[in-house]
Amino acid sequence: AVTFSQHLPLPRRFCTLTEPAIFARETSCDCRAPHEKLTIAQARRGTPVDRPVRVYADGIFDLFHSGHARALMQAKNLFPNTYLIVGVCSDELTHKYKGFTVMTEDERYEALRHCRYVDEVVRDAPWTLTPDFLEKHKIDFVAHDDIPYSSAGTEDVYKHIKEAGMFVPTQRTEGISTSDLITRIVRDYDVYARRNLQRGYTAKELNVSYINEKKYRLQNQVDRMKEKVRTVEEKSKHFVYRVEEKSHDLIQKWEEKSREFIGNFLELFGPDGTWKQVFQERSGRMLSYALSPRESPCNSPPRELSPLRSPSPPSPPSRWHNARPSPPTSPKGASASISSMSEGDEDEK
């Protein structure tokens, strides 16, 4: 069965955005559904079901920025099913009622076409909305911030829209606007002029005098020199930091090795070191060898005489042996020994 909802077009926000938004036709609106007048309450309830709610938002959109995009996002999400139409004023109207623009009208048209919240772009939009324009584009509601917009001799160009109950307010984004961006450029004009000269633009293209051109180029050279000096300083700081880091590591390793060497030295040569124990053991061993020399083995075989050698003759008794006879065992023996000693003396004489 085919339901009624299958005949409805799929909203743009649920489609894959592969193409920019379309331009509005110059003749009439493409919407063929019955276009009865809606209230804000009805639109918020999701009615009518046979067509989307057509919301219109207009502006200059010079230097298209995030503040513009956020305002269009709010307009797109006002109702459950919204078709957002954005009107962009031409250069002629803008220069007449507001002032000179940075971007041309074609550039502003293209910027709006590539915003994801926009379904349709109206080129050369009117400065003040007329009933004929609202009827031509089948507009249900107009979205804009609630601040009165005085221009073209009126206090608020949206006053009649508000009185008709067709105005839906959006919130401005603080801190960003086209005027703020232009103020930044004017304030820092010299910086941007020097920047573009450095990028290859000529003084004529930038509307810069000859003297200012030379001044800007000299300032660019000074800035480049400062940048080089700053780079050298940064590299020097980095090198010094690396040297300090390496020195710290070397000192730490040296301290660790020193402690290890001292510990090993004390362990070897300290009061209770290994070397003292070895020295004491060796000293004790040498002292014991000196005090008690080794004996020959008891089981060594006796030395035998060679059969070719005759035993040496007994040595004659020495004089001391004759002079010191063994004592006699009796008195007679004593007198005999004395007489023999006297006889021996006389023979020697």
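Let me start with the nonpolar core. In this predicted model, the largest nonpolar core has 23 residues. The residues with the most contacts inside that core are Val-55, Leu-72, Phe-79, Leu-84, Val-86, Leu-112 and Val-118. Another core, of 16 residues, lies apart from it, and includes Tyr-56, Tyr-83, Val-122 and Ala-125.

Val-55 sits in strand β2. Is Val-55 buried or exposed? Its relative accessibility is 0%, so Val-55 counts as buried. Setting aside neighbours within four places in sequence, Val-55 is in contact with Ala-75, Leu-78, Phe-79, Thr-82, Tyr-83, Leu-84, Ile-85, Phe-141 and Ala-143. Val-55 and Lys-76 are separated by 21 residues in sequence, and their C-alpha atoms are 7.7 Å apart in space.

Leu-84 is next. With residues up to four places away in sequence not counted, Leu-84 touches Val-55, Ala-57, Leu-72, Ala-75, Lys-76, Tyr-117, Val-118, Asp-119 and Glu-120. Val-55 and Leu-72 in that list are also among the core residues with the most contacts.

Asp-119, another partner of Leu-84, belongs to the loop between α4 and β4. Asp-119 has a relative accessibility of 7%, and therefore counts as buried, the cut-off being under 20%. From Asp-119 to Pro-20 the sequence separation is 99 residues, while the C-alpha to C-alpha distance is 8.5 Å.

Val-122 lies in strand β4, residues 120-123. At 6% relative accessibility, Val-122 counts as buried. Which residues does Val-122 touch, not counting those up to four places away in sequence? They are Ala-24, Ile-85, Val-86, Gly-87, Val-88, Phe-133 and His-137. Val-122 and Arg-25 are 97 residues apart in sequence, and 8.1 Å apart in space, C-alpha to C-alpha.

One more buried residue before I move on to the helices: Thr-94. Thr-94 is in helix α3, residues 91-97, and it counts as buried at 1% relative accessibility. Not counting residues up to four places away in sequence, Thr-94 touches Ile-60, Cys-89, Gly-99, Thr-101, Arg-108 and Trp-127.

Next, a helix pair. Helix α8 covers residues 189-198 and helix α9 covers residues 210-269. The two pack at an angle of about 80 degrees, and their axes are 9 Å apart. Roughly perpendicular means 65 to 115 degrees, so α8 and α9 are roughly perpendicular to each other. On the α8 side the contact is made by Tyr-189, Asp-190, Ala-193, Arg-194, Leu-197 and Gln-198. On the α9 side the contact is made by Glu-213, Tyr-216, Arg-217, Gln-219, Asn-220, Asp-223 and Arg-224. How many of these contact residues are nonpolar, polar and charged? The contact divides into four nonpolar, three polar and six charged residues.

The loop between α8 and α9 brings me to backbone angles. Most residues other than glycine have a negative phi. Asn-207, in the loop between α8 and α9, has a positive phi, near 55 degrees. Phe-61 has a positive phi as well, near 60 degrees, and is found in the loop between β2 and α2. What about burial at these two sites? Asn-207 counts as exposed, at 71% relative accessibility. Phe-61, in contrast, is buried, with a relative accessible area of 8%.

I will finish with the totals for the protein. The secondary structure comes to twelve helices and six strands. Of the 349 residues, 27% are buried. The protein exposes about 26600 Å², and carbon and sulfur atoms supply 56% of that area. Taking contacts between residues at least 6 apart in sequence, 69% join residues at least 24 apart.

Conventions:
Residues numbered from 1 in each chain as written. Predicted model: local features only at pLDDT ≥ 70, side-chain atom pairs only at ≥ 80, totals over all residues. Heavy atoms only, no water. Axes fitted to C-alpha atoms, helices over the stretch in contact; angles between N-to-C directions. Helix = DSSP H or I, 4+ residues; strand = E, 2+ residues; numbered from the N terminus. Parallel < 35°, antiparallel > 145°, perpendicular 65-115°, else oblique. Contact = heavy atoms within 4.5 Å. Nonpolar A, V, L, I, M, F, W, Y, C, P; charged D, E, K, R; others polar. Core = buried A, V, L, I, M, F, W, Y, C linked by side-chain atoms within 4.5 Å. Buried < 20%, exposed > 50% of the residue type's maximum accessible area, 1.4 Å probe, protein only. Areas by Shrake-Rupley, 256 points an atom, 1.4 Å probe, with all protein chains shown as cover.
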